[in-house]
Amino acid sequence: MFLDSLLGMFSMDMGIDLGTCTTLVCVRGQGIVLNEPSVVAVRKGTNHVLQGGNAVGLVAKEMLGKTPGSISAIRPMKDGVIADFDITEAMLGYFIRKAHSRRSVFGLRPRVVIAVPSGITAVEKRAVLNSAERAGARRVYLVDEPMACAIGAGLPITDPTASMVVDIGGGTTEVAILSLADICVCESIRVAGDDMDESIAAYMKRVYNLMIGEQTSERVKLEIGSAAALEEERTMEVRGRDMISGLPRKTLISSEEVREALKEPIGAIIDCVTRTLEKAQPELAADLVDNGVVLAGGGSLLRKIDQVLANATGLEVKVAEDALTCVARGTAVYLENLELWKKTMESDEHDF
Ligand code: ADP
Ligand code: MG
């Protein structure tokens, strides 16, 4: 371990947030060095990554709009679990190599900490470990995503007091209560930002007979979406295809309507948070009265979602600073303190 720490001073060790929407890589002293969509372009019906394995991330996303029928873009982590091992491996390998190649000193292989969803199975963990090793990591450690999130948000997780995080990503929402550097209670649901987009698309279909694309519905959410009434309600023009005539058409929708559309996914997120609280021991629950709840992930940036969760739980709720990079920054801090966390981490020495 001593030798390892020594090597660590020279190799470009990295923390990775393997998100369902976005993958981020954070390097000590350099901050976020890679921030790309978790997307891979493959030849349709195969798991052959295009461009010799390089059609990943931004490159793959750029191809998205312009792809001929024979190419499809895959988000291998879409639901917070690994849908396709080979493609995940190709993606992870590409990101590690890309983040590492420009920075390695003396060609030393890096140690890598990867944040994975807390609900992932042992087989999936093994796959992530193996992929990272094959991609050139000297040593791989996995950390539960809520843990990395709490560290990144600067919560006092090593103290004997409860901290609570709600990470609303693209595919999953992870809720956890932590104390003494461990997860006491956690819940994970496959409802998050993507489902909000889907709900908006379904609403447009139902109410306006208008089919809209994924990217359009996300834009609607970002521009006028909210979880509770806004001081100033807004409207937005939305373009799509009329389901009856089959022709392109546009229509105006209001932030009230979007809120109506978002009721279901937001209700599911609220339920998940309250369910987690109900499972907490009374002492931990008592701590949360003082400590409150921290939100992170892209979904936490939806207008007023903090307010809605505060109303539902009666606790103080605030959005973490730089909510999108919380987990990645947390993995880098975790890496710096590996010795300290050793007790709670899972490394490649583990048997699954
Ligand atoms: P993951 O960790 O799963 O990769 P992220 O934490 O990057 O996910 O969050 C991605 C989700 O957050 C997407 O569904 C995106 O639409 C949503 N999102 C990003 N910014 C905002 C915003 N300002 N308001 C609402 N949703 C947002
Ligand atoms: Mg995330």
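This is a predicted model: local features need pLDDT of at least 70, side-chain atom pairs count only at pLDDT 80 or more; totals for chains, interfaces and linings use all residues.
Residues are numbered from 1 along each chain as its sequence is written, and chains are lettered from A and ligands numbered from 1 in the order in which they are written. Local features need pLDDT of at least 70, side-chain atom pairs count only at pLDDT 80 or more, and totals for chains, interfaces and linings use all residues; side-chain values use heavy atoms, without hydrogens and water.

Ligand 1 is surrounded by 17 residues, each with a heavy atom within 4 Å of the ligand. The closest are T20, C21, T22, E218 and K221. By class, five are nonpolar, nine polar and three charged; Gly counts as polar.

Helix α8 (214-224) supplies at least two shell residues, as does α7 (193-208). The most come from α8, with three. Helices are DSSP runs (H or I, at least four residues). Domain 1 (1-36 + 76-152 + 323-346) and domain 3 (154-318) each give at least three residues. Domain bounds come from an automatic or database assignment.

| Residue (backbone atom) | Distance to an oxygen atom of ligand 1 |
|---|---|
| T22 | 2.9 Å |
| G170 | 2.9 Å |
| G299 | 3.3 Å |

The protein covers 85% of the 580 Å² of accessible area that ligand 1 has on its own (Shrake-Rupley method, 1.4 Å probe).

Notes. A polar contact is a pair of N or O atoms within 3.5 Å; within protein, one must be able to donate a hydrogen and the other to accept it, and residues adjacent in sequence count only if both atoms are side-chain atoms.
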